Amino acid sequence: NKTTEALLSQISMVFQDVYLFHDTILNNLKFGNTQADLSEVIAAAKLARCHDFILNLPQGYDTIVGEEGANLSGGEKQRIAIARAILKDAPIILLDEATASVDPENALLIQQAINSLVESKFLIIIAHQLATFVNADQILVLDRGEIVQRGLHLELVTQDGLYQRLWQAKQQAKGWKLVSLRSSSR
């Protein structure tokens, strides 16, 4: 269907689970734009914060990615997906839990990569981690598939509702500590 094809050409998607092909890093990156030349791919990789780790791979950009990217970390795969989206250069970016399953160091690199990706773009973020979207122009709060609140973070935290309850729970959890419960009687 040409309408669906036209719509999809305007959207770059970065999902929580990134699929990589059993091929070179270069070809996995060029999946975002098969016409891109090497300098464009490298520029996108630098913006996506993956150029440095790629250079440290055995054959750099010519390194074969294992089945589904098995020899890369989750954060490295996410940054490759972001580089693909940068290469595609679509006006609409959909991020679906892009930082959900990565360590804090990779989450920071991914956030920096996302910041490079979204200049002059329409960004849609699907996330459960509230900190992911506190600076959004508009937040839609869903409950059982229904939009129950919408607005800016500063508005939503002051309104009685789901967003405020989630935010308060997050703030309370910041003070939690793990304590060892070793038995003192031996």
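Colleague: Where is R49 placed?
Modeller: This is a predicted model. In it, R49 has a positive phi near 60°, although R49 is a residue other than glycine. With 30% relative accessibility, R49 counts as partly exposed. Its place is in the loop between α3 and α4 (51–55).

Colleague: Is R144 buried or exposed?
Modeller: R144 also is not a glycine, and its phi is positive, at about 55°. R144 is found in the loop between β4 (139–143) and β5 (146–151). Its relative accessibility is 78%, and exposed means over 50%, so R144 is exposed.

Colleague: Which kind of aromatic pair do Y19 and F21 form?
Modeller: The count of aromatic pairs comes to two. For Y19 and F21, the ring centres are 5.2 Å apart and the planes stand at 80° to each other. Planes over 60 degrees apart count as edge-to-face. The pair of Y19 and F21 is therefore edge-to-face.

Colleague: Which parts does the pair of F21 and F31 tie together?
Modeller: The ring centres of F21 and F31 lie 5.0 Å apart with the planes at 55°, so this pair is tilted. F21 is partly exposed at 33% relative accessible area, while F31 is exposed at 53%. The two residues are ten apart in sequence, so the pair ties together the loop between β1 (11–15) and α2 (25–30), where F21 lies, and the loop of F31, between α2 and α3 (38–47).

Colleague: Which residues form the aromatic cluster?
Modeller: F21 pairs with Y19 and with F31. Y19 is partly exposed, with 40% relative accessibility. The one cluster consists of Y19, F21 and F31.

Colleague: Which element gives the most to the lining of the largest pocket?
Modeller: The largest pocket holds about 1,200 Å³ of space. Of its 32 lining residues, the closest to the centre are I125, I126, F133, A136 and Q138. Two or more lining residues come from each of α6 (104–117), β3 (122–126), β4 and α8 (162–173). With five residues, the element that gives the most is β3.

Colleague: How do the residues lining the second largest pocket divide by class?
Modeller: This pocket contains about 270 Å³ of space. Among the 15 residues of its lining, M13, F15, F31, A81 and R84 are the closest to the centre. β1 and α5 (74–88) are the elements giving two or more residues, and β1 gives the most, with five. By class, the lining has ten nonpolar, two polar and three charged residues.

Key. Residues numbered from 1 in each chain as written. Predicted model: local features only at pLDDT ≥ 70, side-chain atom pairs only at ≥ 80, totals over all residues. Heavy atoms only, no water. Phe/Tyr/Trp six-rings, centres within 6.5 Å; stacked < 30°, edge-to-face > 60°. Buried < 20%, exposed > 50% of the residue type's maximum accessible area, 1.4 Å probe, protein only. Helix = DSSP H or I, 4+ residues; strand = E, 2+ residues; numbered from the N terminus. 1 Å grid on protein atoms, 1.4 Å probe; cavity = no way out; pocket = protein on both sides within 12 Å on 5 of 7 lines; lining within 4 Å. Points joined across faces, edges and corners; volume = space filled by probe spheres on them. Nonpolar A, V, L, I, M, F, W, Y, C, P; charged D, E, K, R; others polar.
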